[in-house]
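Subject: Handing over a structure

Hello,

Here is the structure I promised to pass on to you. Please have it open while you read the notes below.

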Amino acid sequence: MPNWGGGAKCGACGKTVYHAEEIQCNGRSFHKTCFLCMACRKALDSTTVAAHESEIYCKTCYGRKYGPKGIGFGQGAGCLSTDTGDHLGLNLQQGSPKPARPSTPTNPSKFAKMMVDVDKCPRCGKSVYAAEKIMGGGKPWHKTCFRCAICGKSLESTNVTDKDGELYCKVCYAKNFGPKGIGFGGLTQVEKKE
């Protein structure tokens with residue numbers, strides 16, 4: 001039978017998905033607004049989706065539902081082995097029922113803002129998103145916070161040094177933590193002892 005409705009049908013809502021709003025996963029098409037975790041309703045993308053047969057989940061809910069169980073298995077970030085997933089509509093003790101979908105569509109951008117776990121900047125304590133992230137000392141920093149802790153100079157990969165979780169330019173690091181004495185740390189004169 002020909003498909004008179006235009007495009008493929010959405011795997012979540014069953015309505016026609018036109019090319020401009022289409023996301024494909026596991027051979028199925030979805031509206032961008034319908035591409036949500038079936039358990040927690042978190043907005044998904046190609047890096048956070050985990051598919052199981054015809055269902056799509058975020059990696060955390062997928063791990064809770066289909067990952068290893070028992071003592072010694074962490075079941076993903078922030079999950080304890082005693083977490084049953086009841087607050088997400090997952091009843092892990094009895095089969096795998098599908099959670100009910102809400103009748104009114106949710107706004108994934110607002111929902112995603114509330115639910116996304118992002119790194120925190122060590123300098124200001126605020127969330128660091130991918131577009132503004134710079135790694136230094138093994139931690140994520142905002143581009144505007146990626147400055148020397150002493151002089152405030154903007155840092156780059158060529159002039160950054162870290163000590164005890166803080167960033168320094170090479171000059172300030174040498175002055176404050178480098179070797180001391182004649183020829184080191186900017187000393188030019190030797191005090192005379194009388």
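Below is what was found in it, beginning with the whole chain and moving on to single places.

This is a predicted model, in which local features need pLDDT of at least 70 and side-chain atom pairs count only at pLDDT 80 or more, while totals for chains, interfaces and linings use all residues. Residues are numbered from 1 along each chain as its sequence is written, and side-chain values use heavy atoms, with hydrogens and water left out.

**The whole chain**

The protein chain has 3 helices and 12 strands; these are DSSP runs numbered from the N terminus, with helices being H or I of at least four residues and strands E of at least two. Of its 194 residues, 30% are buried. Buried means under 20% relative accessible area, exposed over 50%, and partly exposed in between (1.4 Å probe, protein chains only).

**A helix and a hairpin**

Helix α1 covers residues 59–66, and its residues Cys61, Gly63, Arg64 and Lys65 are buried. The buried residues of α1 pack against β6 (55–58).

Further along, strands β9 (residues 133–136) and β10 (residues 139–142) pair in the antiparallel sense over 4 bridges; two strands pair if DSSP finds at least two bridges between them. Gly136 stands opposite Lys139 in β10. The hairpin has 2 residues between its strands, and Gly137 there takes a positive phi near 65°.

**Two loop residues with positive phi**

Most residues other than glycine have a negative phi. Arg41, in the loop between β4 (28–31) and β5 (49–52), has a positive phi near 70°. Asp164, in the loop between β11 (160–163) and β12 (166–169), also has a positive value, near 55°. Arg41 is buried, at 16% relative accessible area, whereas Asp164 is exposed, at 74%.

**Val118**

Which residues does Val118 contact, leaving aside its neighbours within four places in sequence? They are Ser127, Val128 and Tyr129, where contact means heavy atoms within 4.5 Å. Val118 and Tyr129 are 11 residues apart in sequence and 6.6 Å apart in space, C-alpha to C-alpha. Val118 sits in the loop between α2 (108–115) and β7 (119–120) and is partly exposed, with a relative accessible area of 23%.

Best wishes
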